[in-house]
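Please read the points with the sequence and the coordinates at hand.

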Amino acid sequence: MDHDDLLALFDLRMREEARPDAPDAVVERIGAVVRQTGAASDWNGVLWSSLDRATADAAIAEQVRHFTALGHDVEWTLYGHDEPDDLGERLRTAGFVPEPAETVMVAGVDDLCHGSEMPEGVTLVDITTARDVTLLTEVHRAAFGTDPGALHARLLRQLDLDTVLMTVAVVDGQPVSAARLEVSPGTGFAGLWGGGTLPDWRGRGIYRALVAHRAAAAARRGARFLRVDASEQSRPILLRLGFTALTSTTPYVRRTAAQWHPTPWDTPA
């Protein structure tokens with residue numbers, strides 16, 4: 001599939017026809033905007049829009065009213081090809097603050113399932129219990145240095161979903177790395193999220209092993225493509241693994257909740 005066709009498929013399946021990524025979340029289309037609304041600890045925001053200069057400001061104002069009434073922070077995920085071309089400036093005017101831009105990268109699932117040897121002494125363990133979720137989020141705390149409280153609550157709600165796979169890398173009984181897979185059934189896509197490795201264990205091939213492990217799980221669940229929202233630091237690694245750049249994405253975030261804790265776990269890996 002060429003770049004333009006794949007981008008069109010991504011926009012349709014993962015954005016315009018998006019499904020909720022949490023048990024209690026709701027995805028709805030309001031005019032020319034598709035948004036997800038969930039609990040405060042869920043991801044809340046705009047997934048897709050089809051706007052122009054005449055309609056953008058009113059659509060933005062409606063989303064601000066909706067999420068402010070709920071007391072939720074809201075993210076408007078702006079992609080590099082979205083219209084109008086000044087949508088980012090309009091979001092800033094409405095109180096949204098841009099976070100670092102990322103690159104949407106994709107790869108065929110079958111291309112990533114093989115060819116990665118497990119580093120010596122490392123075992124990958126899939127999470128099945130609430131206790132293990134705590135171990136996983138403690139890796140997050142140690143790897144990123146942030147409070148994973150909201151993430152922990154969200155992952156507990158996703159624990160029994162077959163579409164979500166949480167995995168830790170264990171050495172001598174201690175978790176040293178963790179990551180998750182989120183499959184979007186019926187879309188052909190699965191996302192790699194939250195890869196974090198303790199500093200002393202970086203550069204040993206655990207990242208690649210976790211990618212291969214999740215790619216195999218995605219294939220079993222019917223996915224054709226893996227997507228990652230890559231930072232500038234992770235983009236070269238992903239290129240070496242066989243991913244290609246599809247488009248750019250910038251999270252525009254508006255804080256309305258009383259407290260907010262950043263979650264690097266929701267960055268790619």
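The numbered points below go from the overall fold to individual residues.

1. Basis of the note. This is a predicted model, in which local features need pLDDT of at least 70, side-chain atom pairs count only at pLDDT 80 or more, and totals for chains, interfaces and linings use all residues. Residues are numbered from 1 along each chain as its sequence is written, and side-chain values use heavy atoms, with hydrogens and water left out.

2. Fold and dimensions. The protein chain contains seven helices and 12 strands; helices (H or I, at least four residues) and strands (E, at least two) are DSSP runs numbered from the N terminus. The radius of gyration is 18 Å, which agrees with the value near 18 Å for a compact globule of 269 residues. That quantity is taken over C-alpha atoms, and the globule rule is 2.2 Å times the number of residues to the power 0.38. Along the principal axes, the C-alpha atoms fill a box of roughly 60 × 45 × 30 Å.

3. Of the 269 residues, 50% are buried, where buried means under 20% relative accessible area, exposed over 50%, and partly exposed in between (1.4 Å probe, protein chains only). Among contacts with a separation of 6 or more, 73% are between residues 24 or more positions apart; a contact means heavy atoms within 4.5 Å. The chain exposes about 12400 Å², and carbon and sulfur atoms supply 51% of this area. Accessible areas come from the Shrake-Rupley method with a 1.4 Å probe, and for residues only the protein chains shown count as cover.

4. Charge. The chain carries 26 positive and 38 negative charges, and their mean positions are 1 Å apart. Lys and Arg count as positive and Asp and Glu as negative, while His and the chain ends are not counted. Each charge is placed at NZ of Lys, CZ of Arg, CG of Asp or CD of Glu.

5. Salt bridges between separate elements. The count of salt bridges comes to 17, a salt bridge being a side-chain nitrogen of Lys or Arg within 4 Å of a carboxyl oxygen of Asp or Glu. One of them joins Arg35 and Glu62, with the closest N and O atoms 2.9 Å apart. Arg35 lies in strand S2 (residues 33-37) and Glu62 in helix H2 (residues 56-70), so this pair ties together parts that are 27 residues apart in sequence. Arg35 is buried at 5% relative accessible area, whereas Glu62 is partly exposed at 25%.

6. A link over a longer stretch of chain. Which parts of the chain does the pair Asp42 and Arg157 link? Their side chains meet in a salt bridge of 2.3 Å, N to O. Asp42 is in the loop between S2 and strand S3 (45-49), and Arg157 is in helix H5 (residues 149-158), 115 residues apart. Asp42 is buried, with a relative accessible area of 7%; Arg157 is partly exposed, with 26%.

7. Further salt bridges. Arg227 pairs with Asp229, the closest N and O atoms being 2.8 Å apart, and both residues are buried. Arg53, Asp57, Asp85, Asp86 and Arg90 are linked in a network of salt bridges.

8. Backbone features to inspect. Most residues other than glycine have a negative phi, and most peptide bonds are trans. Glu83 and Pro84 are joined by a cis peptide bond, with omega about -5 degrees; Pro84 lies in the loop between strand S4 (74-79) and helix H3 (87-93). Asp172 has a positive phi, near 50 degrees, and its place is in the loop between strand S8 (164-171) and strand S9 (174-184). Asp172 is exposed, with a relative accessible area of 75%.

9. Glu16 is in helix H1 and is partly exposed at 29% relative accessibility. Leaving aside residues up to four places away in sequence, Glu16 touches Asp11, Arg29, Val34 and Trp48. Arg224 is in the loop between helix H6 (206-220) and strand S11 (225-230). The C-alpha atoms of Arg224 and Val64 are 35 Å apart in space, and the two residues are 160 residues apart in sequence.
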